[in-house]
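Reader: Can you walk me through this one? I would like to go through the chains, a few helices and the contact between the chains.

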Amino acid sequence: MIWLTWRQIRVQTLTVLATLTVLAGCLVLLGYQIRHAYNTDIVGCQPDICERAKEKFLDAYDGPLGMAGALLIGAPALVGIFWGAPLITRELEEKTHRLVWNQSVTRTRWLATKLGCVALVTLAVTGALSLLLTWSASRYDQVLGERFEALNFAARNVVPLGYAVFALVFGIVAGLLVRRTLPAMALTLAVVAAAQILVSTELRAHLMPPVTTTVALDAAVVEAADGFSVSETDGLIEGYEIPGTWSMAAQSQLFNADGRPYTFAQAKPCMMLGPAGKECMAKLNLHFGYRHQPAGRYWPFQWIELSVFLGLAVLLAGFGFWRIRRQPS
Amino acid sequence: MTLVVQTTGLGKRYGRKKALTDCTLRVPAGRVVGLVGPNGAGKSTLLGLACGLIRPSAGSIEVLGNRPAASAAQLARVGFVAQDAPVYPGLSVADHLRLGARLNPRWDQRLADGRIRQLGLDPGQKAGRLSGGQRAQLALTLAAAKRAELLILDEPVAALDPLARRAFLRDLLDFVAELDVSVVLSSHLLGDLERVCDHLVVLSGSRVQLAGDIDDLLAVHHRLTGTREDLDDLPAGVEIILAEHTGGRSSLIVHCAAPVRIPAVELAPIDLEDLVLAYMTRAATASVSGFSAEPAEARR
């Protein structure tokens, strides 16, 4: 059965492996370039030009890493569409299932072997790509400090594996139910894309309840914030983020040490000072609550997301095995 | 007597459409069984049920004493060639034999190689480029070399030209004798089956109309010819399958277990074709007039 499965997928597998080899070469090259640039331009840079150097560094590698990331995010959908969906529908459309299901192999074993083989190849390919990209982009990610950013999170470390296996199994089961290749492909694309978008925009932030820590507004914090907006009743700090954490609020309300809200009346004297206003503000002993997912949750989040999608894949596969025994010819 | 196929009240429906209704059959071992009936009669459904590709919606079916496709062992005992003999277009003839060898524990490589050589098939050729006849032969080779106890062939010659048809059937007979295997094959043309079968099942309108060993069937069916009046009053035990009237004379095809003597009525044996046509006509008339194909209805 393994021989037959291999015989049926070997062309695609070899094509994918060839593509992977080329990509791997590119990623390794890119990784060394990034490391070289990091060592020469960022390490030990003079404080006055450091920010500029970092910006230049990030700008330079934003494009290629973004493209590689997009590829890795698109990979699950491709796997589901071109490997998952046709795996059974092609047999059904060419009626070869009537040939192979009447050899001395139960449908369960037939499906198990096919699914197992293709899943292994999928895991190997996605794993290799993710590993390479994670390594290649590590210095860039370190400088950027936004590991939770939607595209970065979904294109690094173990999360891509979950999506790929989920998409593959979904494609197979969709093919089993829909029985025709094109509709099964379309359904797979829609569901995989929807799952990825839904998770990154809505669900991921709620995997664990966010933490609120109190941050004192000192000069460094004032400098790091995007800006402030102050009204008669309250004052807000905007766009502040502790590097490595995932901020859950675009703005947070400022309070005085005694708990009274910071207001326009209080802000006025500092605002009169013009450029020196920031220094003035930092001395007011203000604080605010910073609601976020701490940096230490990066790996728990990776594992949770991986487990959720592997779990879904297992459930879908279970359904597929139940279904194929009842599948009419 | 061992049975290769035994069904009880077997039925299959797709949505509201009945593909097979209340089918009760007992097919003995060691026969070449012809399953004949018009297109859409339910032949493929019955064969699909027998090899386990389809699950029944009513009743039960046992093949070689087990539920079809219940296990790998059961699958190994039944060889099946589906309609149009599907093969993998991208795999070569040799690949198909390798597939058979790897997926079947009782695979007979010598038989497979021998047949491919005898048929003159090029082992390196992609199956997608074979002619219809060659494809059917390849599929039959796969099923035969599996060394099953029962071979089920769904319309194996439908797509073949008359010459290939004859060759295929002659071939089939050859290795049936050699392998000691029971065979069930279907066709909508009796002519295809007549030469090779010794047992017949007539399916029409999703129901079994007639089943039995051909010799037995011919022994209990007769043609009666006489005037209408002479044939009006038939003795008990004589069942009219089909009545045709031309002018004052009538010709009846009847079923009666023991020979009957009716004054002034000529009794003659009938051939298989007339017999099958009589049952199919009866079924068709019954379904057109809105009745089920019960003998009582058809007698009017």
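**Helices, loops and a chain contact**

Author: In α1(A), the buried residues are Leu4(A), Gln8(A), Leu27(A), Gly31(A) and Ile34(A). Keep in mind that this is a predicted model.

Reader: What covers the buried residues of α1(A)?

Author: The cover includes α2 (47–94), α4 (107–136) and α5 (138–144) of chain A, together with α3 of chain B.

Reader: And how far does helix α1 of chain A span between its end C-alpha atoms?

Author: Helix α1 (residues 2–42) of chain A spans only 51 Å, whereas a straight helix of 41 residues would span 60 Å at 1.5 Å a residue. There is also a kink of about 60° in α1(A), and the kink is centred on Ile9(A).

Reader: What comes just after α1(A)?

Author: Gly44(A), with a positive phi of about 70°.

Reader: Back up a bit. What does the secondary structure of chain A come to?

Author: Chain A has 12 helices and six strands. Its radius of gyration is 26 Å, well over the 20 Å from the globule rule for 329 residues, so chain A is more spread out than a compact globule. The C-alpha trace of chain A spans about 85 × 45 × 30 Å along its principal axes.

Reader: How much of chain A is buried?

Author: Buried residues make up 32% of the 329 residues in chain A. As for contacts in chain A between residues at least 6 apart in sequence, 78% join residues at least 24 apart.

Reader: Now chain B. How many helices and strands?

Author: Chain B comes to 11 helices and 13 strands. With a radius of gyration of 21 Å, close to the 19 Å that the globule rule gives for 300 residues, chain B is as compact as a globular protein of that length. Along the principal axes, the C-alpha trace of chain B spans about 70 × 40 × 35 Å.

Reader: What share of chain B counts as buried?

Author: 42% of the 300 residues of chain B.

Reader: Let's look at α6(B). What span should its 18 residues have, and how far apart are its end C-alpha atoms?

Author: At 1.5 Å a residue, helix α6 (residues 162–179) of chain B should span 26 Å, and its end C-alpha atoms are 26 Å apart, which agrees.

Reader: Which residues of α6(B) are buried?

Author: Arg165(B), Phe168(B), Leu169(B) and Leu172(B). Down the axis of α6(B), these buried residues fall within an arc of 95°, so they line one face of the helix. In general, an α-helix has 3.6 residues a turn, so residues three or four places apart point the same way.

Reader: What is on the face of α6(B) turned away from its buried side?

Author: That face carries the exposed residues Leu163(B), Arg170(B), Asp174(B), Ala177(B) and Glu178(B). On the buried side, the cover of α6(B) includes α5 (132–145) and α7 (190–194) of chain B. Just after α6(B) comes Asp180(B), with a positive phi of about 55°.

Reader: Different topic. How many residues of chain B are in contact with chain A?

Author: 24 residues of chain B are in contact with 18 residues of chain A. On the chain B side, α1 (43–51), α2 (72–77) and α3 (93–103) each supply at least two residues. The most comes from α3(B), with five residues.

Reader: And by class, what does the side of chain B that touches chain A have?

Author: It has 16 nonpolar, four polar and four charged residues.

Reader: Where does Thr106(A) lie?

Author: Thr106(A) is in the loop between α3 (97–100) and α4 of chain A. It counts as buried because it has 20 C-beta neighbours inside 10 Å. Across the chain boundary, Thr106(A) touches Ser71(B), Ala72(B) and Leu75(B), leaving out residues up to four places away in sequence.

Reader: Last one. What is the phi of Asn285(A)?

Author: Asn285(A) has a positive phi of about 60° although it is not a glycine. Asn285(A) is found in the loop between α11 (277–282) and β6 (287–293) of chain A. With 11 other C-beta atoms within 10 Å, Asn285(A) is exposed.

How values were computed: Residues numbered from 1 in each chain as written. Chains lettered and ligands numbered in written order. Predicted model: local features only at pLDDT ≥ 70, side-chain atom pairs only at ≥ 80, totals over all residues. Helix = DSSP H or I, 4+ residues; strand = E, 2+ residues; numbered from the N terminus. Rg over C-alpha atoms; globule rule 2.2 N^0.38 Å. Buried ≥ 20, exposed ≤ 12 C-beta atoms within 10 Å, placed from the backbone. Contact = placed C-beta atoms within 7 Å. Expected span 1.5 Å × (residues − 1). Arc of directions from axis to C-beta. Nonpolar A, V, L, I, M, F, W, Y, C, P; charged D, E, K, R; others polar. Bend = angle between axes of the 7 residues up to and from the residue.
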